[in-house]
Amino acid sequence: IPYGHGAQLALSLALYGELLQGSRSFWFGYLQSLPRRTVGIAVLWGAQTQAQDEDGRTARAWAVGTEIEKELRGEDGVSLLEDVRKYYDSTVRPLLQKLCDEDKLNGPCTLGGFLHAYSLVSSRAFMVDAYHGLAMVPIADAFNHTQDHHVHLESEPDVCVACGSLAQCSHDMEEEDGATTHGRTLPVTGLEVDTCDMASNLYIPPFTEVFNTYGEDLTNAQLLARYGFMVSDGNEHDVVSWELEELEGMYGEDGGAFRRLYLSLVSAWPRDARRWEGCSSVFQPMRSGLSLVVNGDGKLSHQLWMYCAARSLQRVGMCGGGVPDVLEFLARLADLVGVGDADGDEGPSLPLPRRGLGPPATQLVLTELARTVLRLCSRKAAHLGPQPQMSTAALGEALDGVDERWVKTRWAMMEVLSERSMLECCAGTWEELLCLEGGSSE
């Protein structure tokens, strides 16, 4: 299983087997360099008995409704921790306990031991190539993470999937056009040695720690779930996100005509990030795919803005003309919202009538748009953590009172505070715009 959570589970099994071999393992020297304790990745928060991990259980409760909670589920929506437990019961324990009983491993095989191996794989493994897939890479896993990193891992991914050969091998069956049945590009003659290299990409001053990056745009929630730490002084990649189904739930819908309209609008929308340059309320993410987020500056992603704007048109009865008409209306509305900061002001983007969109329609749609965004932020904030009714100031005081040894709980509470801050910043911008239009949030 070369990719996905299945690869992570399989590698965890292999690593746990090596750990149980002790000094008999070929990798014993390398294994001695690995942490003896389970890495505190968020996926495993509260996985042990309550007495063993009360901090993790409390942290998991604080993570409810946050981006952390989303990272604790797989692509199928199933809890990753539940996947780990099922894999242990169905595969790991039957196989390794049998080897322990035969005295081939230094048993016993336990769930806690497997969770330790799983945490090591989650926090230290690399995707190497098409043959090795996900793998533990000695030395490469010794570097800590930072955004402005000095080094990165390089390997040749396009190797033979059957034997790992970088050079041409017996598994490469040449066809008349020179392509191979494995679909890989063969290297230049002489490049037959495949290696993993740590390559420098910045000048490294003498006597300084050398840093790698675990991902160029990882959020704190992703860092916590996969690696067991967060950037405590602020992470520029942090967002608050929505699933399309979550947005539809606000309107009591499950797919249907509006979803088809919205996805058609997204598909037809021009891919020009310059439209939103200088706008204080909307931004266009660099990544591809559907992105329904509010970023650290309190700005709506343009696709979330499109959803709110289309909903606003629907609510005021101006969404019945089909995709071309709605698209034209949204383009005009985008011009109104996107022109506000041309002079460098930090205030909200002001609605200025342009291109035939009359003042009455402008005020009606923008007022409803602002209300829609405010409802969106309010509902999201109302589901963050176990005490959403607590004020942000009170939550900050509660965080200050948490024992510093309860690192997981402190991290989870910091994530709640961060997401609240983003939502409050976004709501503040649109509340001000609503006041300028003479409307109310009701």
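Predicted model: local features only at pLDDT ≥ 70, side-chain atom pairs only at ≥ 80, totals over all residues.
**View 1. A salt bridge joins the side chains of Arg 259 and Glu 245, with 3.4 Å from N to O.** Arg 259 belongs to helix H9 (residues 257-268) and Glu 245 to helix H8 (residues 244-249), so this pair ties together parts that are 14 residues apart in sequence.

**View 2. Arg 287 and Asp 217 meet through their side chains in a salt bridge of 3.5 Å, N to O.** Here distant parts of the chain are linked, as the two residues are 70 residues apart. Look for Arg 287 in the loop between strand S8 (282-283) and strand S9 (293-295), and for Asp 217 in the loop between strand S6 (211-212) and H7. Arg 287 is partly exposed, with a relative accessible area of 48%, and Asp 217 is partly exposed at 35%.

**View 3. Within helix H4 (residues 67-71), Lys 70 and Glu 67 sit 3 residues apart, about one turn of the helix.** They form a salt bridge whose closest N and O atoms are 3.6 Å apart. An α-helix has 3.6 residues a turn, so residues three or four places apart point the same way. Lys 70 is buried, with a relative accessible area of 17%, and Glu 67 is buried at 10%.

**View 4. Salt bridges link Lys 98, Glu 102 and Lys 104 in a network.** For context, the model has 15 salt bridges in total.

**View 5. Helices H1 (residues 4-21) and H5 (residues 80-101) pack at about 35°, their axes 10 Å apart.** The crossing is right-handed. On the H1 side, the contact includes Leu 9, Leu 13, Tyr 16 and Leu 20, while H5 brings, among others, Val 84, Tyr 87, Val 92 and Leu 95. Sorted by class, this contact of H1 with H5 has 12 nonpolar, 3 polar and 1 charged residues.

**View 6. Helix H6 (residues 111-124) is largely enclosed by the rest of the structure, because 12 of its 14 residues are buried.** Among the buried residues are Phe 114, His 116, Tyr 118 and Arg 124. The buried residues of H6 pack against H1, H5, strand S1 (126-127), strand S2 (134-135) and helix H7 (220-227). From first C-alpha to last, H6 reaches 20 Å, close to the 20 Å expected.

**View 7. In H7, 7 of the 8 residues are buried, so this helix is largely enclosed by the rest of the structure.** Asn 220, Gln 222 and Tyr 227 are among the buried ones. Gly 228 follows H7, with a positive phi near 80°.

Methods. Residues numbered from 1 in each chain as written. Heavy atoms only, no water. Axes fitted to C-alpha atoms, helices over the stretch in contact; angles between N-to-C directions. Helix = DSSP H or I, 4+ residues; strand = E, 2+ residues; numbered from the N terminus. Left-handed = near helix turned anticlockwise from the far one by under 90°. Contact = heavy atoms within 4.5 Å. Nonpolar A, V, L, I, M, F, W, Y, C, P; charged D, E, K, R; others polar. Expected span 1.5 Å × (residues − 1). Buried < 20%, exposed > 50% of the residue type's maximum accessible area, 1.4 Å probe, protein only. Salt bridge = Lys/Arg side-chain N within 4 Å of Asp/Glu carboxyl O.
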